[in-house]
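This briefing is meant to be read beside the sequence and the coordinates.

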Amino acid sequence: MPGTATLVLLETTTSNLRSASQPAISAARKLAQANGGSVVGIVIGSGIGAAAQDAARYVDKVLCCDSPALAAALAETWAPVLVAAVKQTGAAALVASATSTGKDVLPRAAGLLGAGMASEIVAVMGAKSFRRPTYAGNALTDVEVLTPVAVATVRQTEFPPAAPAASAGTVEAFAPGPTDALGAEFVALHASASARPDLTEAKVVVAGGRGLKDAQNFKVLEELTDLLGGALGASRAACDAGMVPNDLQVGQTGKVVAPELYFAVGISGAIQHLAGMKSSKVIVAINKDPEAPIFQVADYGLCATWESTVPPLIAQIKAVKATG
Amino acid sequence: MKILVPCKRVPNPDLKLKVANGSVDLAGTTWQVNPFDEYAVEAALRLTEKGKGGERVGEVVVVSIGPKDTSAQLKQLLAMGANRAILVAGDDSALDSDLVARILRAVVAAEKPDLVITGKQAVDGDDNQVGQILAASLGWPQATFLASILLAADGKSATVTREVDAGVEERRVRLPAIMTVDLRIIGKKAVRNEALAPATAEWEDTQRLASLKGIMAAKKKELREITVESLGVAGGILVKTLRHEAPPARKAGVKVASVEELVAKLHNEAKVI
């Protein structure tokens, strides 16, 4: 059905669809219902044939744009590929998860297409209308894209992972046009080394704030984190103070998380932090200040110092786990 | 080196936002420079000076789109050290990212900067689009969410690091380019121009404040007001805001008195451990 396909950028490793892209597929399905057409995935990279097959399990068709020149996710080279794919498929929408790649590449593609874009959508309201958080999550704003093609990034925590389709989609090679990185060049990724689950995908997040005072004090939070099989997070204040690396930051300007259980330890609950975690299912706050705003969003609040509570908390959770 | 820094005014993010009847009420707010844009100005100032407090070599031009009152924010940036300011007069509540990018494109065409640096997003709209759209329309490379910038001595390229989901990514980018900056860009050694400052150069671990001397000097600096029409940009937006509503409030939780009670509730009531 030309003119009605929904195109979704799917990020991959060389062998697999990245789970970060799954919510975008769910959002694309909703858009496809509104558009009355199919969901077409596009994978871009180098040596990604196996990943294209993996991605095809979730969508109606996968365009596989496989070229050594596209190995790095450069917006300068990837955005023109997306534009060409939108044109070839006649897609009415282009979506991707709001990962650092999605947030880098999609606005450039929107710019090249002359298409309106909605960032970090939390709901699909219609073929061209979306709901998205603004003002650090203090407002939900409905927007309507007025152009023939709508572009959107998808807030991962607000859409479920995609389920595999009844039958896998087809994989088609998609030839990139001439690639020109315009003088942009990938040099290296200094990956954060952690054996813990990804912050945005963890079922439990234990986050520390300014109240921890010192990098050394995060050790006890790490113990709680590992006991629960969770990921470690931090407030902007803790990151800014150099207690933990910035990629642990949860908030408006950091990562947005929505785990089943969120511990906020020594975190006051500034607006910009709440924007990153208030969709968590159960929130526990431990803070010595009874007036801390974090208590207004916490399901369970314990007004005490972290020093006096976290060690016994670890001991008692161990005891509960031991007895089931 | 001439650097253009687009800056947006935003309502004070620390004030409680009033959302009622489908709209956001900003009548009682105070306005300030978007924090990320202020960081962009700091980065631009560092790229054009011989170390902390050093002589300025090159030019930092700040530009904002907004009502006449926005001149207050621009004056603050001039007092920080920017050389010149341009105010594109207009209603900043009726813009979308595409229109902002088209206006900025016209400013770039007139000013011909070597580099454009701006914040990665404005903390009101939270769109995170303008830099990328502007780069697309100019056909320039983009370097987004930057944590550091090292400008090569020849002024023709920069090595940057970016805050990405998996860690920190290093890239090289040819100038002219569009850069958008993240929080870390104001770190002590995050930004440097090899041609001007030695590797040992350090700045304050934050954006600079306007000094009294800076405020006095700003009075003599150019703040030029122009119109969207004078730039030859036609209006029209691609994304229409329909309505705003307050997010659903979380239901009030309970205070627990002890670790024992907390663990019992998490185990028996919430069933999460």
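Between chain A and chain B, 46 residue pairs are in polar contact, counting pairs in which both residues reach pLDDT 80 or more. On the side of chain A that touches chain B, strand β11 (residues 184-191) of chain A gives the most, with eight residues, and the residues of that side divide into 42 nonpolar, 25 polar and 17 charged. The model is a predicted one, and the points below should be read with that in mind.

**The interface of chain A and chain B**

- In terms of contacts, 84 residues of chain A meet 76 residues of chain B, and the area buried between the two chains is about 6600 Å², with carbon and sulfur atoms giving 54% of this area.
- Within chain A, the residues that lose the most area to chain B are A:Arg108, A:Tyr135 and A:Tyr300, which together account for 11% of what that side buries.
- Six salt bridges are found across the interface of chain A and chain B; one of the salt bridges in the model joins the side chains of A:Asp104 and B:Arg171, with an N to O distance of 3.9 Å.
- The strand β11(A) is joined by seven bridges to strand β11 (residues 167-174) of chain B, and the two run antiparallel; A:Ala184 stands opposite B:Val173, which belongs to β11(B).

**A sheet with strands from both chains**

- Four strands, in the order β6(A)-β7(A)-β8(A)-β15(B), form an open sheet in which the pairing is antiparallel.
- The edges of this sheet are β6 (123-124) of chain A and β15 (239-245) of chain B, each of which has a single partner strand, so one side of each is left without a neighbour in the sheet.
- Strand β7 (residues 129-134) of chain A pairs with strand β8 (residues 139-145) of chain A over six bridges in the antiparallel sense, and the bridge partner of A:Thr134 in β8(A) is A:Ala139.

**Salt bridges over the whole structure**

- Side chains of opposite charge can pair when their charged atoms come close, and a search of the whole structure finds 37 salt bridges over all chains.
- The side chains of B:Glu42 and B:Arg208 form a salt bridge at 2.8 Å, N to O; B:Glu42 lies in helix α1 (residues 35-47) of chain B and B:Arg208 in the loop between β13 (191-193) and α5 (212-218) of chain B, so the pair ties together parts that are 166 residues apart in sequence.
- B:Glu42 is itself buried, at a relative accessible area of 2%.
- A salt bridge of 2.9 Å, N to O, links the side chains of B:Arg162 and B:Glu169, and here B:Arg162 is buried with a relative accessible area of 2%, while B:Glu169 counts as buried at 11% relative accessibility.
- The side chains of B:Lys50 and B:Glu55 meet in a salt bridge of 3.6 Å, N to O, where B:Lys50 counts as partly exposed at 45% relative accessibility and B:Glu55 is exposed with a relative accessible area of 53%.
- A network of salt bridges links B:Lys2, B:Glu59, B:Arg84, B:Glu111, B:Glu222 and B:Arg224.

**A buried aspartate in a loop of chain B**

- B:Asp124 lies in the loop between β8 (115-119) and α4 (130-138) of chain B, and B:Asp124 is buried, with a relative accessible area of 7%.
- Setting aside residues up to four places away in sequence, B:Asp124 touches A:Thr134 and A:Tyr135 as well as B:Lys8, B:Arg9, B:Val10 and B:Pro11.

**Parallel strands of chain A**

- Strand β12 (residues 204-208) of chain A pairs with β13(A) in the parallel sense over four bridges, and A:Val206 has A:Leu232 as its bridge partner in β13(A).
- Strand β13 (residues 231-234) of chain A is covered on both faces, with A:Ala231 and A:Gly233 on one side and A:Leu232 and A:Ala234 on the other, all of them buried.
- A:Ala207, found in strand β12 of chain A, is buried with a relative accessible area of 0%.
- Leaving aside neighbours within four places in sequence, the contacts of A:Ala207 include A:Leu221, A:Gly233, A:Ala234, A:Tyr262 and A:Phe263.
- A:Ala207 and A:Val81 are 126 residues apart in sequence, and their C-alpha atoms are 39 Å apart in space.

Definitions and conventions. Residues are numbered from 1 along each chain as its sequence is written. Chains are lettered from A and ligands numbered from 1 in the order in which they are written. This is a predicted model: local features need pLDDT of at least 70, side-chain atom pairs count only at pLDDT 80 or more; totals for chains, interfaces and linings use all residues. Side-chain values use heavy atoms; hydrogens and water are left out. Contact means heavy atoms within 4.5 Å. Buried area is the accessible area (1.4 Å probe) that two parts lose on being put together, summed over both. A salt bridge is a side-chain nitrogen of Lys or Arg within 4 Å of a carboxyl oxygen of Asp or Glu. A polar contact is a pair of N or O atoms within 3.5 Å; within protein, one must be able to donate a hydrogen and the other to accept it, and residues adjacent in sequence count only if both atoms are side-chain atoms. Ala, Val, Leu, Ile, Met, Phe, Trp, Tyr, Cys and Pro count as nonpolar, Asp, Glu, Lys and Arg as charged, and the others, Gly among them, as polar. Two strands pair if DSSP finds at least two bridges between them. Buried means under 20% relative accessible area, exposed over 50%, partly exposed in between (1.4 Å probe, protein chains only).
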